[in-house]
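Reader: I would like a close look at one part of this structure. Please take me through it step by step.

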Amino acid sequence: LAFEKAYYGDSNQVRYPTDEYDPKSILDVIEPAMQNALETRVGKASLEGVRPVVALPPSYDNAFKLESAFQSFLPDTTTFVPEPVAAVWGAEAQTLMDVSSKDSGHVVVVDVGGKVTTCTAVQKNKVCASVTLPNTGGELWTQTLVDSILEDKTLNLPFLDQDEMAQQRLYQAATVAIAEYNTSNQAHIHIPYISMNIETRQAQHLDTKVSRGVLEQKVQQRLKETIAADLDEGIFSPHVPPPTDYASLWTSVLIQLLEQINVTPMNVKTVLIVGGGAKQPLVVSSLQQSWMALTGQGADVIVVPELAKRSELVALGAASLPSHHQYDPEQGIVVP
């Protein structure tokens, strides 16, 4: 379940809370969705005989509130695991990484979600440290593309920014276009009858192509502005210059993460990149560039799942936990 989208609804502008998550609101969204999943995918009308495994963010505050919401309707057999730990399990289940690597050293999980990016150090099935980067997920790309089209005077759509319904259609089309960039150097956005010229009462159509290179430049610029706003939040390492693009962003955040647990990059055996927002080629190539600059090590350290698996790996990992095993944040996997 894409929680943010389900909770805040489909609109041309995705809204995010300024306060804490409300467990009751979370419950109102998740309970019927889980019930529907049981009935349509498992063929069951209840949770009887089902052991749920729920993957939660590594951030304790949000995880605690989410866990509280789930516990109100899930059975006592429910197991809660941190998302980055589940991602490592998923990579092991899909034979993407050596099972022994998580025991011999740290695994850094870079999870590029819809709104945020989370970098987490995992060792022996436990979260050692985590850093969350706001406004750096896949939504950054979608909103940048939308704004780019709205600002493009050559399209001759002067009233588009005044038409909320048209903007909603544009946002939906931009979401589809962003997926095209995963495998193509160009995206075509075609929306007939998107709006109407208020003065002439003539229908307006949108038909444009945007190259991936152009969008990447604009995303890098917006990322630079986002970074400037977060410099005082303790997210980036004070021991390197402030980041100005994706590559220097990864470098600064990885150094900050590893400094929290007093290890060097050479102690990291694997860097695993997951999340739907990690499907953009620039996200992956800049992380590889950053890691090479930090360690001199090649791409064999960075595990990049195939496109579909990047957004599924956490769920696949959670599902791989044996039915007779439990999870404890302090101990890791526990066999009763």
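Reader: Which residues of helix H8 are buried?

Author: A word on the source: this is a predicted model. The buried residues of H8 are Arg212, Leu215, Glu216, Val219, Leu223, Thr226 and Ile227. They sit on the same side of H8, because they cover an arc of only 110 degrees around the axis. Turn to the other side of H8. There, Gln217 and Ala228 are exposed.

Now the helix itself. H8 runs over residues 212-229 and has 18 residues. From its first C-alpha to its last, H8 reaches 26 Å. That is close to the 26 Å expected at 1.5 Å a residue.

What do the buried residues of H8 pack against? Four helices are on the list if you follow the names: helix H6 (138-151), helix H7 (164-180), helix H9 (246-260) and helix H10 (281-295). Strand S6 (186-196) and strand S7 (203-211) are also packing partners of these buried residues.

Tyr246 and Trp250 lie four residues apart in helix H9, so about one helical turn separates them. Tyr246 and Trp250 form an aromatic pair. A pair of aromatic rings is described by the distance of the centres and the angle of the planes. For Tyr246 and Trp250, the distance is 6.1 Å centre to centre, with 25 degrees between the planes. The pair is stacked. Both residues, Tyr246 and Trp250, are buried.

The structure holds three aromatic pairs. One of them is formed by Trp89 and Tyr327, with ring centres 6.0 Å apart. Their planes stand at 75 degrees, so this pair is edge-to-face. Trp89 counts as buried, at 5% relative accessibility. Tyr327 is buried too, with a relative accessible area of 10%.

Last, step back to the protein chain. There are 12 helices and 11 strands in it. Of its 336 residues, 46% count as buried. Consider contacts between residues at least 6 apart in sequence: 61% of these join residues at least 24 apart. The protein chain exposes about 16800 Å². Carbon and sulfur atoms supply 50% of that area.

Terms used:
Residues are numbered from 1 along each chain as its sequence is written. This is a predicted model: local features need pLDDT of at least 70, side-chain atom pairs count only at pLDDT 80 or more; totals for chains, interfaces and linings use all residues. Side-chain values use heavy atoms; hydrogens and water are left out. Helices (H or I, at least four residues) and strands (E, at least two) are DSSP runs, numbered from the N terminus. The expected span of a helix is 1.5 Å times one less than its number of residues. Buried means under 20% relative accessible area, exposed over 50%, partly exposed in between (1.4 Å probe, protein chains only). The arc is that of the directions from the helix axis to the C-beta atoms. Contact means heavy atoms within 4.5 Å. Accessible areas come from the Shrake-Rupley method with a 1.4 Å probe; for residues, only the protein chains shown count as cover. Rings of Phe, Tyr and Trp (its six-membered ring) pair if their centres lie within 6.5 Å; planes under 30 degrees apart count as stacked, over 60 as edge-to-face and the rest as tilted.
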